[in-house]
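Here's a quick briefing to read alongside the structure. Have the viewer open as you go through it.

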Amino acid sequence: MLREHPGFRGVLAFTPDEACHLAQAGVDDILVAYPTADGAAVEHVVETSQATGSRIRLLVDSPEHIRFIAAHAMGQTVPVCAEIDLGWWPLGGRLARIGPKRSPVRTPQQAAELTALACRTKGVELTSVLAYEGHIAGVGDIVPGRPLRQLAVRGMQAASLREIARRLPLVLAAIESTLAEHDAAPLELVNGGGSGSLQRTSAVGAATELSAGSGLFDPLLFDRYRSLRLEPAVAYAMPVVRKPLPTVATILGGGYIASGVPGPDRAPAPSLPERLSFDGDEGAGEVQTPLHGAGALRFGDRVWLRHAKSGELLERFNEIHMVRGGEVLEVTRTYRGEGHCFL
């Protein structure tokens, strides 16, 4: 479907096996956004790339990653992508280290050393950089009912963006310079951003491509971003199976909690009918979910809910129905519906 839109190019994957599945389905430009410790999976990437012609880049952020991939390259050259840490470290990290705990590569010198090792190692070719600012892309800057935290989040993100705008160009220059010293090809791409930071990442000017995943569906988390104006594009319906009280309707299951620090912002929310709310003692449950304000609902009625994030929802259902104007245009299977589990 994305091939119909010229602004999209390439796909991010979680694992090498997922990347191979996408390559076999016709996707020819894939970046695996997390490192692997599975040698058979690396060999699968090599074989799949040769069979399909797809370019599959594997992630590295340490000498161990580079040596491991090279050991399973099967006499071929595997394109790799170096990840750079974009976390915010006020006072050099003495005060706090804010951001996802991903890559240990942060400074121009560290990036140059990793690049030099890749250039010296037979079986790998450093072709790209991943620079993901998860503390901006994954943290909403609208915090209802907590004005002080909202100010803190906005201040942290603004300060971090200024620091990224200074540091990231220096890191990329160190990588490019090291590649040139070893007569290696220049970087093919610099991947940055996420659905929650597309505009802000673009404004920094260092990334050559931006990543958007969950934002295509606009789950609940993206309601809390000032920079986004999206329309919800996915929901799931669960049937009313009980009426324990006149104003309470209990739906079957529905408690699909999103990943991250447990809290109310990781729970789904009833969307239609309006003005439904969870029970304070049960919340969104694995096998049943009582909803208050449901006096008009009857046995067999459907309640539509929105999920906090997109990935976990698609792990729970076999199919997605594409609907426009009340008409089902297409039914497509999820990885679960295809019988796959990549992570």
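Predicted model: local features only at pLDDT ≥ 70, side-chain atom pairs only at ≥ 80, totals over all residues.

The chain folds into eight helices and 15 strands. Its C-alpha trace spans about 75 × 50 × 35 Å along the principal axes.

**Overall shape and packing**
- A compact globule of 343 residues would have a radius of gyration near 20 Å, and the chain comes in at 23 Å, which agrees.
- Buried residues make up 44% of the 343 in the chain.
- If you take contacts between residues at least 6 apart in sequence, 62% of them join residues at least 24 apart.

**Helix H4**
- H4 runs over residues 108–120, and its 13 residues reach 18 Å from first C-alpha to last, close to the 18 Å expected at 1.5 Å a residue.
- Its buried residues are Ala-111, Ala-112, Leu-114, Thr-115, Ala-116, Leu-117 and Ala-118.
- The cover over those buried residues includes strands E3 (55–60), E4 (78–83) and E5 (124–131), plus helices H3 (63–71) and H6 (147–181).

**Ala-51**
- You'll find Ala-51 in helix H2, which takes in residues 39–52.
- Ala-51 counts as exposed because its relative accessibility is 67%, and the cut-off for exposed is over 50%.
- Ala-51 and Arg-316 are 265 residues apart in sequence, and their C-alpha atoms are 32 Å apart in space.

Notes: Residues numbered from 1 in each chain as written. Heavy atoms only, no water. Helix = DSSP H or I, 4+ residues; strand = E, 2+ residues; numbered from the N terminus. Buried < 20%, exposed > 50% of the residue type's maximum accessible area, 1.4 Å probe, protein only. Expected span 1.5 Å × (residues − 1). Contact = heavy atoms within 4.5 Å. Rg over C-alpha atoms; globule rule 2.2 N^0.38 Å.
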